[in-house]
Amino acid sequence: MFRNSSIIALIALAFAAGCDDKATSTSNNNTNNGVDAGGDASADADSRDPVEQILPSTNARVKFKGGQRWASQLARGLDLERSELCKEFGEYDCAADVHFIALGGVEPYNLRINEPLPNAPLTAPIAADRIALSACGLRAERDAANPADASLFKEIAAAPADEALRAMGNRLYQQLLSRDAQNDELDELVAFWADVEDAGADAASEWATFSCYAVATSTEMLFY
């Protein structure tokens, strides 16, 4: 950490020194050419476009939020009680009990797991899928049963016009990711309707469930 800070400091000093030398050289050239530094020289400087250098990060990475934090955020976004998010056999909490260790938890008292697993186990994505599908299915079911009081899928009972699908899709992004959906993201959700429209009466609920699942298990939702 300190070594990197020293390198950055040296680079910054070298860059500053280079800028000072360049400024001095420019000033001398202007003086030698008989140009007033307070006049035409400043106008020329203002007309030049700044050169912006963007360096890619050498340590770019994302970190899993952890099962408990992700589950709580998912419950809030879907307007569900945390306790009803997902239950195995209708009794055991998926995130807090059944898949707790797989999703990065620790249990030092009974299982003697004092630190999170060094690598995510193969069951981790399966656990995330299980929780997201259960929660999204419950939200879609409730909104379909009472569209007038729906939290997310207010247009679920209407004809699947593009406007209705885009409205529900944008609401998904707003409540789960706290931002508006981009046009290409909404285009994908609208196009997804073609994959589920053959489901008949359940098509709208299928679309709502799996559209929700796609956003809930996205990198942006699972990681930070």
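Predicted model: local features only at pLDDT ≥ 70, side-chain atom pairs only at ≥ 80, totals over all residues.
A pocket, on a 1 Å grid over the protein atoms alone, is an open set of points where a 1.4 Å probe fits, with protein on both sides within 12 Å along at least five of seven lines; its lining residues have an atom within 4 Å of a point. Residues are numbered from 1 along each chain as its sequence is written.

**Largest pocket**
- Lined by 21 residues, the largest pocket has Phe64, Ala102, Leu103, Gly104 and Ala120 nearest its centre.
- Helix 5 (residues 123-145) supplies the largest share of this lining, four residues; helices are DSSP runs (H or I, at least four residues), numbered from the N terminus.

**Helix 5**
- The 23 residues of helix 5 should span 33 Å at 1.5 Å a residue, and its end C-alpha atoms are 33 Å apart, which agrees; the expected span is 1.5 Å times one less than the number of residues.
- Buried residues (under 20% relative accessible area, 1.4 Å probe, protein chains only) of helix 5 include Ala135, Cys136 and Arg139.
- Helix 3 (67-77), helix 4 (94-98) and helix 8 (203-216) are among the elements covering the buried residues of helix 5.

**Leu78**
- Leu78 counts as buried because its relative accessibility is 0%.
- Beyond residues up to four places away in sequence, Leu78 touches Ala135, Cys136, Arg139, Leu152, Leu176 and Cys212, contact meaning heavy atoms within 4.5 Å.
- Leu78 and Arg139 are 61 residues apart along the chain, and their C-alpha atoms are separated by 6.5 Å.

Conventions
Heavy atoms only, no water. Helix = DSSP H or I, 4+ residues; strand = E, 2+ residues; numbered from the N terminus. Buried < 20%, exposed > 50% of the residue type's maximum accessible area, 1.4 Å probe, protein only.
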